[in-house]
Each structure stands twice: as C-alpha cells, then as structure tokens.
Amino acid sequence: QVQLVESGGALVQPGGSLRLSCAASGRIFSRSILGWFRQAPGKQREFVAFITSGGATNYADSIKGRFTISRDNAKNTVYLQMNSLKPEDTAVYYCRDYSSNSWGLGTQVTVSS
C-alpha cells in the first residue's frame, strides 16, 4: 500500500509562488509515475502534471510555463513549483501514484488578494 502526504498549500496573492511537496512511502518510489491533480470548488478534479521515473514530464495547458513538477527519489518526494499564480489556480491539490492509483488527502491553495 502506498501512502502519499501533501504539504505546502497556503494563501498567496496573485502573481506569487508556492512549492507543494508530496512525500511517499510504501513502495519503490523511484519506479513510480507521479502526478499532481487539483479540484476547485464545484468543479471536477483535473490533471495538472506528471513525471515519469525517467524524469519526463507532461503538463496541462492551463499551467504550462508557470508550474514545474520535479522529484527527488532519495527523499521519496515529488514537488510542484507554482509561479505566477492566478485566482483560478485556487483548488485543493492532490498527489497521485499512477502505478497503484493511490491518492493523498490534498493540500489547499488559495490565490487571492
């Protein structure tokens, strides 16, 4: 069983930056495809980004050029660096392990002045 714990969510002003972290345990992290999703109030959960075991990445068009996903296999952690944040980025952000289809409980990001 995989356990995922997100952290780093906060209230930030438009144009600001945050870095989210997702700490994983319970399986061989280095072989996992890991992703970030988000769910805004009243909306469905949507894909944000993923990173493969080899470091290849893919991003949703809505955040491309502003967000960067990365991983540190030695720390069993995946990150989401978010820059130039907009009010429409407000959501609960979730980490996902594709291999086991495990999800974390999420971390709240609020972008507001």
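Two strands pair when DSSP finds at least two bridges between them. The legends below apply this to a predicted model.

**View 1. The open sheet of four strands.** The order of the strands is β1-β3-β8-β7, and the pairing is antiparallel. β1 and β7 (67-72) are the edge strands, each pairing on one side only. From one strand to the next, the twist averages 15°. Strands of a sheet pair through backbone hydrogen bonds, either parallel or antiparallel.

View 2. Strand β3 covers residues 18-25, and strand β1 covers residues 3-7. Five bridges link β1 and β3 in the antiparallel sense. Strand β8 spans residues 77-82 and runs antiparallel to β3. Six bridges join β3 and β8. Further along this pair, L20 stands opposite L80 of β8.

View 3. Strand β4 takes in residues 34-39. Five of its six residues are buried, so β4 is largely enclosed by the rest of the structure. Strand β5 (residues 46-51) pairs with β4 in the antiparallel sense, over five bridges. L34 faces I51 of β5 across this pairing. Six residues lie between β4 and β5 in the hairpin that they form. G42 sits in the turn, with a positive phi of about 75°.

**View 4. β4 beside β9.** Strand β9 runs from residue 91 to residue 97. β4 and β9 are antiparallel and are joined by six bridges. W36 has C95 as its bridge partner in β9. In a regular strand the side chains alternate between the two faces of the sheet.

**View 5. The largest nonpolar core.** This core holds 28 residues. W36, L80, M82 and Y93 have the most contacts inside it. Two or more residues come from each of β3, β4, β5, β7, β8, β9 and β11 (107-111). β3 gives the most, with four residues. Beyond its close neighbours in sequence (up to four places away), M82 touches G16, S17, L18, L20, R66, F67, Y93 and V109. In soluble globular proteins, nonpolar side chains tend to be buried together.

View 6. Y93 belongs to strand β9. Is Y93 buried or exposed? The relative accessible area of Y93 is 0%, under the 20% limit, so this residue counts as buried. Neighbours within four places in sequence aside, Y93 is in contact with residues that include E6, L20, W36, F37, R38 and V48. Its contacts also include F67, L80, M82, G106, T107 and V109. A polar atom of the Y93 side chain lies 2.6 Å from the backbone oxygen of D89. Y93 and Q3 are 90 residues apart along the chain, and their C-alpha atoms are separated by 16 Å.

**View 7. S102 in strand β10.** Strand β10 consists of residues 102-103, and S102 is part of it. S102 is buried, at a relative accessible area of 7%. Residues up to four places away in sequence are not counted in the next list. S102 touches Q1, V2, L4, C95, R96 and D97.

**View 8. V12 in strand β2.** V12 lies in strand β2, which is made of residues 11-12. Why is V12 classed as buried? Its relative accessibility is 13%, and buried means under 20%, so V12 counts as buried. Apart from neighbours within four places in sequence, V12 is in contact with S17, L18, L85, T110, V111 and S112.

Methods
Residues numbered from 1 in each chain as written. Predicted model: local features only at pLDDT ≥ 70, side-chain atom pairs only at ≥ 80, totals over all residues. Heavy atoms only, no water. Buried < 20%, exposed > 50% of the residue type's maximum accessible area, 1.4 Å probe, protein only. Contact = heavy atoms within 4.5 Å. Axes fitted to C-alpha atoms, helices over the stretch in contact; angles between N-to-C directions. Polar contact = N/O pair within 3.5 Å; in protein donor to acceptor, adjacent residues only side chain to side chain. Core = buried A, V, L, I, M, F, W, Y, C linked by side-chain atoms within 4.5 Å.
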